[in-house]
Amino acid sequence: MAQQTERYEDTQLYKVRHSAAHVMAQAVLELFPDGKVTIGPPVENGFYYDFDLPRNLTPEDLQQIEKRMRQIVQGKHEFKKTVISADEARKIFADQPYKLELIEGLEQGGLDEYGNPLDGPPDISIYQHDTFTDLCRGPHVATTKEIKQDAFKLMNVAGAYWRGDEKNKMLQRIYGTAWESKKELEDYLHQLEEAKKRDHRKLGRELEIFIFDDEVGPGLPLWLPNGTVMVDELEALAKEMETNAGYSRVKTPHLTKEDLFIRSGHLPYYAESMYPPMELEGVKYYVKPMNCPMHHKIFSSKGRSYRDLPVRLAEYGTCYRYEKSGELFGLMRVRSMQMNDAHIYCSEEQFEQEFMGVIDLYKKYFDLFGIDKYVMRLSLHGKAGLGKKYVDNERLWVKTEDMVRRAMDNGGVPYVEVIDEAAFYGPKIDVQIWSAIGKEFTLATNQVDFAVPERFDLKFTNREGVDEIPLCIHRAPLSTHERMVGFLLEHYAGNFPVWISPEQVRVISITDAQNDYVEQLAKELRGNGIRASADVSAQRMNAKIRQAQLMKVPYMLVVGDNEMQAGQVSLRVRDGSQQNNIPLAEFVARVKDKIARRAGEL
RNA sequence: GCCACCAUAGCUCAGCUGGUAGAGCAGACGAUUCGUAAUCGUCAGGUCGUCGGGUCGUAGCCGACUGGUGGCUCCA
């Protein structure tokens, strides 16, 4: 996890970026005197500024703006802060409607520049430099000279809704990156190039993991044989871990009648993520966006006693969600997905233990994969969404959120809290990770459901012989196959541990004389449960090795006359290291051991 | 879904301001039999994403659609 040294807001870099945003706004207004400015904060790696302009910006505009910025920056203009009254501010920004809206929010003490609530009315201040004045709380650098003219770059133009609300007007956002020195800028740009190389969409094609096909449809991945091996390995891992943790496995259909999703609350609260219904003989059917309603049916299929609890039902179920077209992103965001799903039905007393049991499961998985850059996020309901995004029972929301918070605190698990991010049926702990190109995703999730069990009349008989409604924990520590494999591709840059590598060993003959022998070796390896193939193509050994390296095969066995005669193999490991003339049995033992332990090292 | 950009052979890409397609890799075939990241040669492969418009004529201009990319919104 990231350790905080100095708050970003207090750093020179933050001021440089914030100030660069102002300089950019000046340059844009010079180009569009009637343009309207909104907000322009620093962000990770840079800054942006949102504008409402009379026409769309072109890449040429961007170049021109950047060029003008370099001139302005060299002018050594001072950044001057002035605290003013709301009325004065309204005069200054009389022709800037977005600023007037911001002033309104500040004056009433209600809202900051993003529309988030504030504690009380803050000072209203402006910053001026050269010809540009912005409503701004700062801080900024002393003069524009501190923005190095060779240490920033405008990256791209993007659409962005005013105040992040899709009902509002779409503005034009210019993203820029800014650093304290040219070297830092160059390093950052280089880092972006490197990140692209491990983009799972690129690696997925190169390593033949998955494809998308226009005729099949967007967001509907086809798993190639190599990808299917990975999926199968993940599933085997999950089964093993879940069996040990006391789960039972179930299987449920991909389709159900409308009635089930009305009862579950999916149609009232979740319909816009669902595929539209298909109707036959007057009955509507939906493909499932989640497995829970069917698991609830399995729970209620017989009478349950407190002695049976907790009941843990697991299924790698395939779900379908209608993600909006612009939201799709390789394997990380798809429309058909196999979830590492399970539902745990338990009593309130059992809740903490079960909840933490799931967190433990996460940790085991994360250890196994060496995942250490993530944040656990406790997602809470938002008051405004009650009855719309969230089931309408604030008392239970607060109660359940407290239970989760207490469990996490007691377990000593660090997390951050976020308002208005919960599932419709309850709060959740999400594990946030980042893709190679910096997009944030929820990998694993652990959700508490205090609402739906009641809608399904779920009950168990407690010690007193009285019916009680169980709590339900929805959890997906391995996420979905799609997102997990996408993540692992980037996490390992395609250099997978042996156990999950699609091809574990490639046996390479040096000349045709060894072809029969290497085929036989590969067969023997397969007999030992190792995924191996023989390369008996007419290419030279060097070319065969190169191809195996490009496919990131962990072990290459090179076999010439020497090895054939001695009944040995020469091992080339993916990292380039070599070990000549080792007995086959020794190599087999080594590989079997790595696989059995799911070892990270080769 | 919204804003912008992009779409040429299986893959990666070239094709100047419109005169009707080209390379490397992959593939097939042939030669080569080689010691740790590319042996050589030959051949084959594209109604230039789709549909419509403009033009004497376009892969290159205009429009719509489809798909992708960068964001926004949303999410496992």
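1. Among contacts in chain A (heavy atoms within 4.5 Å) between residues at least 6 apart in sequence, 70% join residues at least 24 apart. This is a predicted model, in which local features need pLDDT of at least 70 and side-chain atom pairs count only at pLDDT 80 or more, while totals for chains, interfaces and linings use all residues. Residues are numbered from 1 along each chain as its sequence is written, chains are lettered from A and ligands numbered from 1 in the order in which they are written, and side-chain values use heavy atoms, with hydrogens and water left out.

2. Overall content. Chain A has 18 helices and 28 strands; these are DSSP runs numbered from the N terminus, helices being H or I of at least four residues and strands E of at least two. Along the principal axes, the C-alpha atoms fill a box of roughly 90 × 75 × 50 Å. Of the 602 residues in chain A, 50% are buried. Buried means under 20% relative accessible area, exposed over 50%, and partly exposed in between (1.4 Å probe, protein chains only).

3. Surface and charge. Chain A exposes about 28500 Å², of which carbon and sulfur atoms supply 48%. Accessible areas come from the Shrake-Rupley method with a 1.4 Å probe, and for residues only the protein chains shown count as cover. The 79 positive and 92 negative charges of chain A have mean positions 2 Å apart. Lys and Arg count as positive and Asp and Glu as negative, with His and the chain ends not counted; each charge is placed at NZ of Lys, CZ of Arg, CG of Asp or CD of Glu.

4. Nonpolar cores. A nonpolar core is a set of buried Ala, Val, Leu, Ile, Met, Phe, Trp, Tyr and Cys residues joined through side-chain atoms within 4.5 Å. The largest has 90 residues, and the members touching the most others are Phe351, Phe355, Phe369, Met376, Met408 and Leu488. Helix 11 (residues 348-369) gives the largest share of this core, 10 residues. Apart from it lies another core, of 31 residues, which includes Ala25, Ile65, Ile147 and Ala178.

5. Leucine 488. Not counting residues up to four places away in sequence, Leu488 touches Leu234, Phe369, Ala493, Phe496 and Ile500.

6. Aspartate 52. This residue is found in strand 3 (residues 46-52). Aspartate 52 counts as buried because its relative accessible area is 14%. Its side chain is joined to that of tyrosine 98 by a polar contact of 2.6 Å. A polar contact is a pair of N or O atoms within 3.5 Å; within protein, one must be able to donate a hydrogen and the other to accept it, and residues adjacent in sequence count only if both atoms are side-chain atoms. Neighbours within four places aside, aspartate 52 is in contact with Gly35, Lys36, Tyr98, Lys169 and Leu171.

7. Backbone points to check. The peptide bond from leucine 309 to proline 310 is cis, with omega near -5°; proline 310 lies in the loop between helix 10 (292-299) and strand 15 (311-320). Arginine 163, not a glycine, has a positive phi of about 60°. Arginine 163 is in the loop between strand 7 (152-161) and strand 8 (170-178), and is partly exposed at 23% relative accessibility. Aspartate 420, also not a glycine, has a positive phi of about 65°. Aspartate 420 sits in the loop between strand 18 (416-418) and strand 19 (428-434), and is partly exposed at 32% relative accessibility.
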